[in-house]
Amino acid sequence: MKRAIRAAALATAALSLAALPTAGHAASTTGALMITHVRPNASGADVRDGRQLNLNGEYFIVKNVTKRTVNVGGYIPDITSNTYGRALPSYNLPAGARAYVHTGSGRNHKDSSGAHHIYRGYGRHVLPNDGSARNPDLRLKKPGSADNNSSAGTVSSCNWGRAADGRTYAC
């Protein structure tokens, strides 16, 4: 009887685990920072009347996976389909913290809700979102790496296909 109850409990536990949603691929890193999410397509139109709109609605999120503060300055975001590699600006990201790395301009800061924000300073949308790039891949490379669309120097990466309007993808 005890054996039957134990077997039933194990079967129930296994079914519960199987019902949990899973990510397309697990995020990983070989360095201090890890890309955890990407929003390659800001909500709404990207351009209207020749003006770029909502540049800061396009972003990716990095997490400091260490137990110490890490300065993100010099890390290179590199997209496989274009030249995106402007190095991240100097910003101290505390241990375990996440930062939104926005495409547009702003003041690097921690907001009142505790979220960190880092700005790239681009005047145009740069993350591919129209599906024309085959499985676009955003790589975060260690400082000093080249923006050459190769994997050399990569510490973390994330990819997606055609990006839905305003959708954030887990890496």
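Modeller: In this predicted model, three strands make up an open sheet in the order β6-β11-β12, and their pairing is antiparallel. The edges are taken by β6 (76-79) and β12 (154-159); each has a single partner strand, so one side of each is left without a neighbour in the sheet. On average, and with direction ignored, neighbouring strands of this sheet are turned by 20 degrees against each other. The pairing of β6 with β11 (residues 137-141) is antiparallel and extends over 4 bridges. Within this pairing, aspartate 78 has arginine 139 of β11 as its bridge partner. In general terms, strands of a sheet pair through backbone hydrogen bonds, in either a parallel or an antiparallel manner.

A further open sheet contains 6 strands in the order β9-β10-β8-β4-β1-β13, and here the pairing is mixed. Its edge strands are β9 (109-110) and β13 (169-170), each of which pairs on one side only. Inside that order, β1 and β4 (residues 59-64) run antiparallel and are joined by 6 bridges. Valine 38 stands opposite phenylalanine 60 in β4.

The loop between β1 (33-39) and β2 (47-48) holds alanine 45. With a relative accessible area of 37%, alanine 45 is partly exposed, because that class lies between the limits of 20% for buried and 50% for exposed. Alanine 45 also lies 8.7 Å from aspartate 165, C-alpha to C-alpha, although 120 residues separate the two in sequence.

Terms used. Residues numbered from 1 in each chain as written. Predicted model: local features only at pLDDT ≥ 70, side-chain atom pairs only at ≥ 80, totals over all residues. Heavy atoms only, no water. Pairing = 2+ DSSP bridges. Helix = DSSP H or I, 4+ residues; strand = E, 2+ residues; numbered from the N terminus. Axes fitted to C-alpha atoms, helices over the stretch in contact; angles between N-to-C directions. Buried < 20%, exposed > 50% of the residue type's maximum accessible area, 1.4 Å probe, protein only.
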